[in-house]
Amino acid sequence: MGMNANDKNIGYKAPAIGRAIALLDYISACQHPPTLSNIARALGYGKSTTHGLLHALEEEQWVMRVDGGFRMGPGFLALARRAYGDWNVAKIARPFMEQLSASLGESVCVGRIEGTSVRIEACVEGGGDMRIALKPGIVLPRFAGSVGKVVLAGLSPEEAQAALPVEGLPRFTEQSVTDPVLFLQEVERCRSLGYADDDQEYLHGVRAVAAPIEQGGKTVAVLWVVGLAMTLTSEAIEPAASELVRVSRAISSLIGPTDNSAAKDRQER
């Protein structure tokens with residue numbers, strides 16, 4: 001009985017692929033980003049083999065470097081999303097948040113919009129001795145500083161104006177913007193710049209900068225950097241905002257198609 005070329009390949013496994021799968025499985029199960037040495041030791045690989053696998057996976061963005069170690073990267077997440085649909089925004093955002101927090105030294109949070117309020121889904125604490133810690137599940141009140149501005153910026157100008165109480169906004173601190181007209185100016189500034197900031201407007205002694213996470217052209221969540229006024233200084237806000245906007249757009253690209261890409265998908269079908 002003859003054997004064709006396909007028969008010869010039955011049961012064959014490419015060693016490099018098997019090692020890469022084991023490596024990805026190990027990284028995805030780690031609570032903290034494992035280093036190259038951690039991975040090599042845990043899997044019994046040589047360091048040169050581990051380095052080669054990580055380099056190849058990093059080029060495809062299946063893994064990414066975070067705080068001296070490795071996390072699952074946006075390329076892997078995008079592939080999984082195409083295969084299985086939408087993912088929880090906190091799970092997608094987590095590696096980006098860890099990288100951003102390590103870069104800025106401040107806490108980074110993500111929250112899902114519920115009406116005009118925001119429920120915190122995840123928070124990565126900054127590395128300093130004095131840092132802000134916010135727990136998942138906390139619901140920020142309406143119009144809370146930079147986060148509130150981002151929420152309203154995701155609405156149409158008419159919807160944003162209708163959402164504001166005519167009698168004035170709540171005063172969280174002595175620096176809160178309570179005048180609806182001035183607050184709407186801040187909202188419009190957020191639309192223009194792609195981010196909003198606040199200087200101790202929600203919590204005394206705390207600054208924050210926030211950016212939208214969008215799905216299908218709609219703001220569905222907020223990503224923000226928060227720190228003490230003594231560490232997240234006025235001078236640090238603009239560079240932090242630049243990094244934040246870059247990251248929020250990367251996350252947005254993973255959680256859902258833009259309106260244009262969705263239309264293109266429909267046309268191709």
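Is cysteine 109 buried or exposed? Cysteine 109 is buried, with a relative accessible area of 0%, where buried means under 20% relative accessible area, exposed over 50% and partly exposed in between, using a 1.4 Å probe and protein chains only. Before going on, please note that this is a predicted model, in which local features need pLDDT of at least 70, side-chain atom pairs count only at pLDDT 80 or more, and totals for chains, interfaces and linings use all residues. Residues are numbered from 1 along each chain as its sequence is written, and side-chain values use heavy atoms, leaving out hydrogens and water.

Cysteine 190 is buried too, at 4%. Searching the whole structure for disulfides (pairs of cysteine sulfur atoms within 2.5 Å) gives 0.

Now let's turn to the rings. The whole structure holds 3 aromatic pairs; rings of Phe, Tyr and Trp (its six-membered ring) pair if their centres lie within 6.5 Å, and planes under 30 degrees apart count as stacked, over 60 as edge-to-face and the rest as tilted. One of them joins tryptophan 62 and phenylalanine 76 edge-to-face, 5.3 Å centre to centre with 80° between the planes. Because tryptophan 62 sits in the loop between helix H4 (47–59) and strand E1 (63–66), and phenylalanine 76 in helix H5 (residues 74–84), this pair ties together parts 14 residues apart in sequence. Helices (H or I, at least four residues) and strands (E, at least two) are DSSP runs, numbered from the N terminus. Tryptophan 62 is partly exposed at 26%, and phenylalanine 76 is partly exposed at 25%.

Phenylalanine 143 and phenylalanine 183 also pair edge-to-face, 6.3 Å centre to centre and with 80° between the planes. Phenylalanine 143 lies in the loop between strand E5 (139–140) and helix H7 (145–153), and phenylalanine 183 in helix H9 (residues 180–193), so the pair ties together parts 40 residues apart in sequence. Both phenylalanine 143 and phenylalanine 183 are buried.
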